[in-house]
Amino acid sequence: MSTDPSPSTPPTAGESRLAFNEDWVATILGLVLLGLVLLGAIPAGLVP
C-alpha cells in the first residue's frame, strides 16, 4: 500500500506574479512629481 503525495494545489499557487523593478518605480515617482508641479502643489522656486 503506497500513498501518493499529490497535492491538490500547485506549490506556486500562493505566490504573486506582480513585481515592480526600479525602472517602473522611478517612472511612477517621476510622473507623480510632474503632476504635483503641474497642479501647483510644489512651488516654482523648488523646481530648477
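The chain exposes about 4,800 Å², an area from the Shrake-Rupley method with a 1.4 Å probe, where for residues only the protein chains shown count as cover. Carbon and sulfur atoms supply 66% of it. This is a predicted model: local features need pLDDT of at least 70, side-chain atom pairs count only at pLDDT 80 or more, and totals for chains, interfaces and linings use all residues. Residues are numbered from 1 along each chain as its sequence is written, and side-chain values use heavy atoms, with hydrogens and water left out.

Buried residues make up 0% of the 48 residues. Buried means under 20% relative accessible area, exposed over 50%, and partly exposed in between (1.4 Å probe, protein chains only).

The chain has one helix and zero strands. Helices (H or I, at least four residues) and strands (E, at least two) are DSSP runs, numbered from the N terminus. α1 has 18 residues and reaches 26 Å from first to last C-alpha. That is close to the expected 26 Å, which is 1.5 Å times one less than the number of residues. Just after α1, Gly 40 takes a positive phi of about 90°.

Now the two flanks. Leu 18 lies in the segment before α1. Leu 18 counts as exposed because its relative accessibility is 64%. Val 47 sits in the segment after α1 (22-39). With a relative accessible area of 36%, Val 47 is partly exposed. Leaving aside neighbours within four places in sequence, Val 47 is in contact (heavy atoms within 4.5 Å) with Val 37 and Ile 42. The C-alpha atoms of Val 47 and Val 37 are 8.0 Å apart, at 10 residues along the chain.
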